[in-house]
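Welcome, and please take a moment to look over the sequence and the model shown here. We will then walk through it together, one region at a time.

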Amino acid sequence: MPPARILATSVLALRVAYGAALIAAPARLTRRWLGSAVEGDPTRVALRGLGAREVLLHAGGLVATLRGDAVRPWLAASVAGDVSDIAATAAGRRGLPGGAAPATLAVAGASALLSVAVAAAVDA
């Protein structure tokens, strides 16, 4: 497997793990981002949905990578998810804990940039 595909596999597998962790322990992973709102069941429902998005999207990309199929569309969808997280956080920043919006920009922005770099490196 070419090095770029190994990198894609690693990135996608980490995102699957992150999504699974969001499903299993949404409050633990998102307290700094969302504050005390993570204690409510409605918020946990949405966070588990976000986790499921991460698992399904990135597992699909992982399967495509391992099969030698096109992975760029999966990485583009991953970037779109990161950008939507940034936009949603920016829109609701007034109700979030201090520093949550810049931290989200840093984390989701770095994740998006990593996915763009991997997409540029893979063969398709």
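You will find Leu56 in helix 3. Its C-alpha is 8.6 Å from that of Gly19, although Leu56 and Gly19 are 37 residues apart in sequence.

Before going further, a word on how to read this. The model is predicted, so local features need pLDDT of at least 70 and side-chain atom pairs count only at pLDDT 80 or more, while totals for chains, interfaces and linings use all residues. Residues are numbered from 1 along each chain as its sequence is written, and side-chain values use heavy atoms, with hydrogens and water left out. Helices (H or I, at least four residues) and strands (E, at least two) are DSSP runs, numbered from the N terminus.

Helix 1 covers residues 3–24, 22 residues in total, and reaches 32 Å from its first C-alpha to its last, close to the 32 Å expected at 1.5 Å a residue. The expected span of a helix is 1.5 Å times one less than its number of residues. Its buried residues are Ala4, Arg5, Ala8, Thr9, Val11, Leu12, Arg15, Gly19 and Leu22. These buried residues pack against helix 2 (26–34), helix 3 (41–67), helix 4 (72–91) and helix 5 (100–121).

Arg15 counts as buried, at 10% relative accessibility. Leaving aside residues up to four places away in sequence, Arg15 touches Glu54, His58, Ser78, Asp82, Ser111 and Ser115, where contact means heavy atoms within 4.5 Å. Arg15 and Ser78 are 63 residues apart in sequence, with 9.2 Å between their C-alpha atoms.

How do helix 1 and helix 2 pack? Their axes are 6 Å apart and the angle is about 100°. Axes are lines fitted to C-alpha atoms, for helices over the stretch in contact, and angles run from 0 to 180 degrees between N-to-C directions. Helix 1 and helix 2 are therefore roughly perpendicular to each other; angles under 35 degrees count as roughly parallel, over 145 as roughly antiparallel, 65 to 115 as roughly perpendicular and the rest as oblique. Where they meet, helix 1 brings Tyr18, Ala21, Leu22, Ile23 and Ala24, while helix 2 brings Pro26, Leu29 and Thr30. By class, this contact has 7 nonpolar, 1 polar and no charged residues. Ala, Val, Leu, Ile, Met, Phe, Trp, Tyr, Cys and Pro count as nonpolar, Asp, Glu, Lys and Arg as charged, and the others, Gly among them, as polar.

Now back to helix 3. Its 27 residues should span 39 Å at 1.5 Å a residue, and its end C-alpha atoms are 38 Å apart, which agrees. The buried residues of helix 3 include Leu47, Leu50, Glu54, Leu57 and His58. The buried residues of this helix pack against helix 1, helix 2 and helix 4. Just after helix 3, Gly68 takes a positive phi of about 85°.

Helix 5 has its own partners. Its axis is 9 Å from that of helix 1, at an angle of about 150°, which makes helix 1 roughly antiparallel to helix 5. Ala4, Leu7, Ala8, Val11 and Arg15 in helix 1 meet Ser111, Leu114, Ser115, Val118 and Ala121 in helix 5. The residues of this contact divide into 7 nonpolar, 2 polar and 1 charged. The axes of helix 4 and helix 5 come within 9 Å and cross at roughly 165°, which makes helix 4 roughly antiparallel to helix 5. That contact has 12 nonpolar, 6 polar and 3 charged residues.

Gly98 is found in the loop between helix 4 and helix 5 and is exposed, with a relative accessible area of 78%. Ala100, in helix 5, counts as buried at 2% relative accessibility. Not counting residues up to four places away in sequence, Ala100 touches Arg32, Trp33 and Thr89.

Note on methods:
Buried < 20%, exposed > 50% of the residue type's maximum accessible area, 1.4 Å probe, protein only.
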